[in-house]
Amino acid sequence: MSVRLRPDAVEEAQEALRGHERVLPRGAGTKPALSSPPDGTVTLDVSGLTGIEEYDPEELTFTARAGTSLGEIEAALAENGQYLPFDPPLVAAGATLGGAVAAGTSGPLRYRSGGVRDFILGVRFLDGEGRLVRAGGRVVKNAAGFDLSKLMVGSAGRLGVMVELSFKVFPQPQAWATLTVDCAGLDDALALMGALATAPLDLEALDLEPPGRLWLRLAGLADAMPARLERLEGILERSGERLEGEEEGALWREVRDFAWVAEDAAIVKVALVPKRVPELEAKLEPLAVKRRYGAGANIAWLAWPGERPAQELDELLRSLGLAGVFLTGSPPKPMVGTHRGGAFAQRVKSALDPSGRFPDV
Amino acid sequence: MLLSALGAIYPPARILTSRAELAPYECDALTSFRASPRAVVLAESTDEVVETVRACHRLGVPYVARGSGTSLSGGSLPIEEGIVIALNRLNRILELDPEQRTAVVEPGAINSQVSAAAAPHNLFYAPDPSSQSICSIGGNLAFNAGGAHCLKHGMTSSSVLGAKVVLPDGELVELGGESIEPVGPDWMGLFVGSEGMFGIALEITLRLMPSADRTRTVLSAYESLEAAGNAAAKVVAAGLLPVAMEIMDKLAIEAAEGSVKPGYPEGIEALMIVELEGDHETVDREFEQLLEVLEGAGATEVREPDDDAQRALYWEGRKSAFSAVGWLSPDYIVQDGVVPRTRLGEALAEIGRLSEEHGIRVANVFHAGDGNLHPLILFKGSEEGALERAEELAGEILRMCIRLGGSVTGEHGIAMEKRAFLPEMFGEEDIEMMRRLWRAVDPAQIANRGKMFLPEEELERDEAADPDAAPSSAAVAGTAGPPPGGASSGEARRDTR
Ligand SMILES: Cc1cc2nc3c(=O)[nH]c(=O)nc-3n(C[C@H](O)[C@H](O)[C@H](O)COP(=O)(O)OP(=O)(O)OC[C@H]3O[C@@H](n4cnc5c(N)ncnc54)[C@H](O)[C@@H]3O)c2cc1C
Ligand SMILES: Cc1cc2nc3c(=O)[nH]c(=O)nc-3n(C[C@H](O)[C@H](O)[C@H](O)COP(=O)(O)OP(=O)(O)OC[C@H]3O[C@@H](n4cnc5c(N)ncnc54)[C@H](O)[C@@H]3O)c2cc1C
């Protein structure tokens, strides 16, 4: 039986944290592989710490409490024609701002705009001893002190409990358009991606659906779009399908929110670069694992079948020297594959959480 | 013992110990702080660096890594009882992979050489500090350096993907990787900007960006500096995302015209350079929109450079501004505080007011797009008390930045110069956490000891003397004065020329 705690104020969260030996924070629980507590660990539910505290549309920055839902934030931004360019997944499922940072998840648009790490400006968090610590700031540029805000990205609740976050945002583009192109196969698709890498196209998103389908997304001024699409098609030298309007937006929302992942499969994120794709494909193809590559094949999203043990994927990724993380499902440990950081990671963890209140990273 | 340990790693010619040999390493670009180390070693391989760090750790000798020594905050100032590990000979570009858009470089590689190597592939390395033709990637990483074009592409941190690092006890670790999207805690992100206190980056994987096919630049003139600041805020609020947006005031313009002669409009109070970049279909349209915003924001003149040569000249005027100010004044302090962009006009008006009140000239040349001020406080170091008066003004400007909700540094770092201001920006718990981190990563406290944090004994002494004592800033380009916060004789001394 795990005890649940749901503070509404920072002081309550501090007290709750200090009152328990093993704690794991949880936002809304959209990434249960990360937020399900190991045995003997209590869940600190931060979804009560909500609310946008400061949002100045002219400054293009906001500060909100960590349990605020991404949906609420996106709505407030949209009213002013702004958005979160790192495009966090699972918004409709109720994902929180703190959960998005701790899971370190960015969506397809991170290809051009950058990920969570490139938009986070500052954080207030509780360390493992329940001390309230502030790092970074609320302005778009800041080099004062160690960059603990970035460290919180991907920390999976294992380095601190975030209570407040500051971000920068961007103005929403006027128009969007997508081209999907079917290549002759994986090699052809990767060759085309290689050519696109150095072309001055400002692609917003570049996804690969193996073996050979590329998804290319453009954004910007509506007037400029037809000419840009034409130029893009010229470079591709392969015929593609154009998508615009409501249908186009819905398509990418489905991609971002993993509509393509079967109910009983676990969502896994793997970091890589395009040149590693063939090796990973060779391993996954025989296993019939559904997958998709985002951010110009800098991320692989896997739908790991429910019946396959997480350990199998762990070994598979280790054999390739790749790092991955389970977002959903119930793996024994969410981090799989070869993770870096070594002694540096251990020492930083020992400073932030000296008595080991949070689970291991 | 130290010298024999170093002798086992380096041939004699690469261990510098004589006064004359050490002189060039006594300071960085913040020349008011100087210290002579016990030795400087010139590393030519990463193995040598690792062996040196291990020897330092074994013998309890502090060290300072040094790239090109262009830090403006005293980051590469030597420690008297320690050594300097010079990395500038480790300057190779090891790998460049256009299809992955990555480059792997040694830490001493020069910033602009990375872009030069990438250019044939239509790629470039985005962070462009004004010192880009001399500063090193290792120094950029340690300080999370910025530049005019970081407005769109992000600071150094957004362009560093991974690094091989030697920790201060000689242990080797790998942080980050090749992917633009990390998995797990962002250890690399924490290491960037750690001011040399978490160890030495030995091999760095950088993200490259594709060059745009259209760049358009516009120079606009204003009747006051405040008006220019307000125009910058309007460009941001209009939803335009320029790649760079820089402001210069009358004094900075005068300095530029006195040196590189960029041919800016005459007799104006302030100018702003805005640059748009991207595909030509978009840029040409956004440019029209930009011109409308500028005219609506009260620009008295709007000029597009005739050609690339003139555009380059406009930028040279901006990028050489720091050195050009030497033409106006024998000495200056440069600060790099940040304010919210919506409050730029207000901040600039306040700097003007403070300048008048103190009777000290201040030139302004800065990154308006991200609210990163660079007030250059002009004074004559040979005048009795001039430095102290300039420092007082610098301190008031930094406090204004904090008051407006900003930061004391946007890109130059804390190091020596702003140690005393960190406690004004952060609370005790916040700073204690940073210290705890440093102690955990470097238990022997040998990596760049004395930077970022005031020495604890000094903190206590200051508090005992006067709890409200105004901290002293000290970014002075070659000038005289007493040590800030009463640095003891064991510490770096202020140059008394
Ligand atoms: C496909 C899908 C559909 C769903 N549909 C619904 C629905 O219709 N209705 C409904 O009510 N629910 C639904 N859920 C569940 C619901 O979405 C979750 O309750 C919740 O959305 C959000 O979790 P989160 O993103 O905030 O991250 P979490 O899963 O809570 O946490 C992710 C990681 O972040 C850490 N973390 C979270 N917050 C912090 C913090 N403040 N500081 C430090 N670390 C933190 C956690 O420890 C964990 O490691 C759905 C879930 C999924 C996957
Ligand atoms: C004229 C002028 C203009 C400038 N303009 C800008 C500007 O526009 N933007 C900006 O951000 N800065 C600017 N600077 C400041 C300076 O150039 C930057 O801070 C730069 O990043 C320092 O690089 P460097 O190689 O000279 O580093 P150094 O001064 O040699 O070292 C700086 C710090 O980095 C550490 N370090 C060096 N190498 C490593 C390594 N491999 N691993 C770990 N730590 C290391 C050192 O220990 C030291 O603490 C300017 C300076 C000058 C003189």
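**A chat about chains A and B**

Modeller: Let's start with chain B, which has 17 helices and 20 strands; helices (H or I, at least four residues) and strands (E, at least two) are DSSP runs, numbered from the N terminus.

Biologist: How compact is chain B?

Modeller: The radius of gyration of chain B is 22 Å, close to the 23 Å from the globule rule for 497 residues, so chain B is as compact as a globular protein of that length. That radius is taken over C-alpha atoms, and the rule is 2.2 Å times the number of residues to the power 0.38.

Biologist: Where do the atoms come from?

Modeller: This is a predicted model, where local features need pLDDT of at least 70 and side-chain atom pairs count only at pLDDT 80 or more, while totals for chains, interfaces and linings use all residues. Residues are numbered from 1 along each chain as its sequence is written, chains are lettered from A and ligands numbered from 1 in the order in which they are written, and side-chain values use heavy atoms, leaving out hydrogens and water.

Biologist: Thanks! What share of chain B is buried?

Modeller: Of its 497 residues, 63% count as buried. Buried means under 20% relative accessible area, exposed over 50%, and partly exposed in between (1.4 Å probe, protein chains only).

Biologist: Which residues of helix α9 are buried?

Modeller: In α9 of chain B (residues 250–258), they are B:Leu251, B:Ala252, B:Ile253, B:Ala255, B:Ala256 and B:Gly258. They pack against several elements of chain B, including β14 (244–249), β15 (270–278) and α11 (308–319). Contact here means heavy atoms within 4.5 Å.

Biologist: New topic: how many residues does each chain bring to the contact?

Modeller: Chain B brings 89 residues and chain A brings 79. The area buried between them is about 7,100 Å², with carbon and sulfur atoms giving 59%. Buried area is the accessible area (1.4 Å probe) that two parts lose on being put together, summed over both.

Biologist: Which three residues of chain B supply more of its buried area than any other three?

Modeller: Those are B:Glu181, B:Val183 and B:Trp187, with 11% of the area that chain B buries against chain A.

Biologist: And on the chain A side, where is A:Gly145?

Modeller: A:Gly145 sits in the loop between β8 (132–136) and α7 (148–152) of chain A.

Biologist: Is that glycine buried or exposed?

Modeller: A:Gly145 is buried, with a relative accessible area of 8%.

Biologist: What does A:Gly145 touch?

Modeller: Not counting residues up to four places away in sequence, A:Gly145 touches B:Gly193, B:Ile414, B:Leu422, B:Met434 and B:Met452.
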